[in-house]
Amino acid sequence: MYKGIGLQSQTPRGSGSNGYLQSNKFKPRTWKVAENVKGTVGVTRNANKEIIEHNRKRQIQLKLFILEDKLIDQGYTDSEIAHKLHEARIILEAAADQNDGSSNLVKF
């Protein structure tokens, strides 16, 4: 017996076990706990910068798809659409860089 764990008798005979002890590898993780302004306790974690960057690019691409649909409906040619999408991408990326990834991007 090891720290009160395992078989109580000296041998594993007749117990249905071989007596081998394993450590628990799935112990719960401890997170940093911080108090909010209202006094409630919550878990704080740093945001992954790669995920934030990916979400920013997705938002830009979504706005470009919406703009492309509008331009197609208005009857622009493919070369005009490509030119306007290129200009819009530059504007959106500049606006996203100024806002540091906040959700208030330039609207069309």
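Q: What makes up the secondary structure of the protein chain?
A: The protein chain has two helices and two strands. Helices (H or I, at least four residues) and strands (E, at least two) are DSSP runs, numbered from the N terminus. From the N terminus on, the order is β-β-α-α. This is a predicted model, in which local features need pLDDT of at least 70 and side-chain atom pairs count only at pLDDT 80 or more, while totals for chains, interfaces and linings use all residues. Residues are numbered from 1 along each chain as its sequence is written, and side-chain values use heavy atoms, with hydrogens and water left out.

Q: Why is H1 called roughly antiparallel to H2?
A: The axes of H1 and H2 come within 10 Å and cross at roughly 150 degrees. Axes are lines fitted to C-alpha atoms, for helices over the stretch in contact (heavy atoms within 4.5 Å), and angles run from 0 to 180 degrees between N-to-C directions. Angles under 35 degrees count as roughly parallel, over 145 as roughly antiparallel, 65 to 115 as roughly perpendicular and the rest as oblique. The crossing angle therefore makes H1 roughly antiparallel to H2.

Q: Which residues form the largest nonpolar core?
A: They are Ile60, Leu64, Leu67, Leu71, Ile81, Leu85, Ala88, Leu92 and Ala96. A nonpolar core is a set of buried Ala, Val, Leu, Ile, Met, Phe, Trp, Tyr and Cys residues joined through side-chain atoms within 4.5 Å. Helix H1 (49-73) and helix H2 (78-99) are the elements that give two or more residues to this core. H2 gives the most, with five residues.

Q: Why does glutamine 61 count as partly exposed?
A: Buried means under 20% relative accessible area, exposed over 50%, and partly exposed in between (1.4 Å probe, protein chains only). Glutamine 61 has 29% relative accessibility, so this residue counts as partly exposed. Glutamine 61 lies in helix H1, and Gln61 is among the H1 residues that meet H2. The C-alpha atoms of glutamine 61 and leucine 92 are separated by 9.4 Å.

Q: How many of the 108 residues in the protein chain are buried, as a percentage?
A: Buried residues make up 11% of them.
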